[in-house]
Structures are given as C-alpha cells and as structure tokens.
Amino acid sequence: MSAPVRLAPLGDGGLWQAVMAAASGRCQCRGACGKPHTKSGGRCDREHGTHRTHAGGQVRLIAAPAEATDLLLPDHQAAALPRNRLAAWCPTCHHGAHTAARKAAAAATPPAEPAALF
Ligand SMILES: [Zn+2]
Ligand SMILES: [Zn+2]
C-alpha cells in the first residue's frame, strides 16, 4: 500500500496546531470568501470549537493556503507550503475563498479562442 494517509486537512497535526496557534484559533479570512465580515471588524469571527454553526455543530477550522492563488494548488502542493503561507479558515470562508479564487483565475486567463477564422 503506497497511498498516502491524510490525517488532517493539510499536513500533519503539528502543522495544524501551529497554524491555529498563530491565528489564535480564529478564522483569518478578511473578505477573501466574498463576505466583508464588517460585523466582526473585517475579519471572520469564527473560532475553533465554538458552537456557532446553524446546525448546532462545532466550528472546525482548517489550515489552508492564505493566498487566493495558493488556494488553487493541488492538495499535495498545498501540503508542502511553509507554515507562514497557511492560514486558519472556517469551512464557510474556505469554500467561499476557493470559489472566488477559481473564478478570479478563470477571469484572468483569456479563454482559449482559436485564431481569427476567415
Ligand atoms: Zn471564516
Ligand atoms: Zn470569510
């Protein structure tokens, strides 16, 4: 069996702990997800382990690339990023930021149109 075993969303538990510690256990989104988070001072106020989801579940932050461009990296490349390029994300913001990054990347890349047709 050579399939890698992924214990955490990114990297090992130690990396996750370090990212969460640097973020004080709070989502570090500052609007990348598309929400301005104005009610919480411009930064998402979701904290790990708090009961804030509508379903009554606990917020589980994940460690993921901080920059939108890095968010689009394949998992194995994202997992190799240094800790200072990772941020704590709540699932909602991570999903929103990933979607926004994908859209931005698509908009930045000119569609592969064929050369002018005669
Ligand atoms: Zn968030
Ligand atoms: Zn957000």
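Burial first. Of the 118 residues in this protein, 21% count as buried. Keep in mind that this is a predicted model. The mean pLDDT is 85, and 83% of the residues score at least 70.

Over residues 1–8, pLDDT stays under 50. For that stretch the model has 4 contacts beyond four places in sequence. Among the elements, β2 has the highest confidence, at 96. The lowest is α3, at a mean of 87.

Now the layout. There are 4 helices and 2 strands. Reading from the N terminus, the order is α-β-α-α-β-α. Take the contacts with a separation of 6 or more. Residues 24 or more positions apart account for 58% of them.

Next, the strands. β1 and β2 pair in the antiparallel sense, over 4 bridges. One pairing to find on your screen: Pro65 has Leu86 of β2 as its bridge partner. What covers β2, and on which faces? Both faces are covered. Leu86 and Ala88 are buried on one side. Ala87 and Trp89 are buried on the other.

That takes us to the core. The largest nonpolar core has 21 residues. Which of them touch the most other members? Cys27, Cys29, Ala87, Ala88, Trp89 and Cys93 do. The elements giving two or more residues to this core are α1, residues 13–22; β1, 62–65; β2, 86–89; and α4, 91–108. The largest share comes from β2, with 4 residues.

Stay with Cys27 for a moment. Set aside its neighbours within four places in sequence. Cys27 is then in contact with Cys44, Arg46, Leu61, Ala88, Trp89, Cys90 and Cys93. Two of those contacts, Ala88 and Trp89, are buried residues of β2.

On to α4. What covers them?

Now some loop residues. Start with Arg83. Arg83 sits in the loop between α3, residues 75–78, and β2. Buried, exposed or partly exposed? Arg83 counts as partly exposed, because it has 14 C-beta neighbours inside 10 Å. Beyond four places in sequence, Arg83 is in contact with Leu15, Ala18 and Val19. Ala18 is 65 residues away along the chain, yet the two C-alpha atoms are separated by 7.7 Å.

Next, Arg60. This one is in the loop between α1 and β1. Arg60 has 12 other C-beta atoms within 10 Å, so it is exposed. Leaving out neighbours within four places in sequence, Arg60 is in contact with His48 and Pro91. Gly49 is 11 residues from Arg60 in sequence. In space, C-alpha to C-alpha, the pair is 6.1 Å apart.

Last, backbone angles. Which residue here has a positive phi of about 55 degrees although it is not a glycine? Ser24 does. His37 is another case: its phi is near 55 degrees, a positive value, and it is not a glycine either. Ser24 lies in the loop between α1 and β1. His37 lies in the loop between α1 and β1 too. Their surroundings, in turn. Ser24 counts as exposed, because it has 10 C-beta neighbours inside 10 Å. His37 has 18 C-beta neighbours inside 10 Å, so it counts as partly exposed.

To recap. β1 and β2 form an antiparallel pair. Leu86, Ala88, Ala87 and Trp89 of β2 are all buried.

Methods: Residues are numbered from 1 along each chain as its sequence is written. Chains are lettered from A and ligands numbered from 1 in the order in which they are written. This is a predicted model: local features need pLDDT of at least 70, side-chain atom pairs count only at pLDDT 80 or more; totals for chains, interfaces and linings use all residues. A nonpolar core is a set of buried Ala, Val, Leu, Ile, Met, Phe, Trp, Tyr and Cys residues joined through C-beta atoms within 7 Å. A residue is buried if 20 or more other C-beta atoms lie within 10 Å of its own, exposed if 12 or fewer, and partly exposed in between; C-beta atoms are placed from the backbone. Two residues are in contact if their C-beta atoms, placed from the backbone, lie within 7 Å. Two strands pair if DSSP finds at least two bridges between them. pLDDT is the predictor's confidence in each residue, from 0 to 100.
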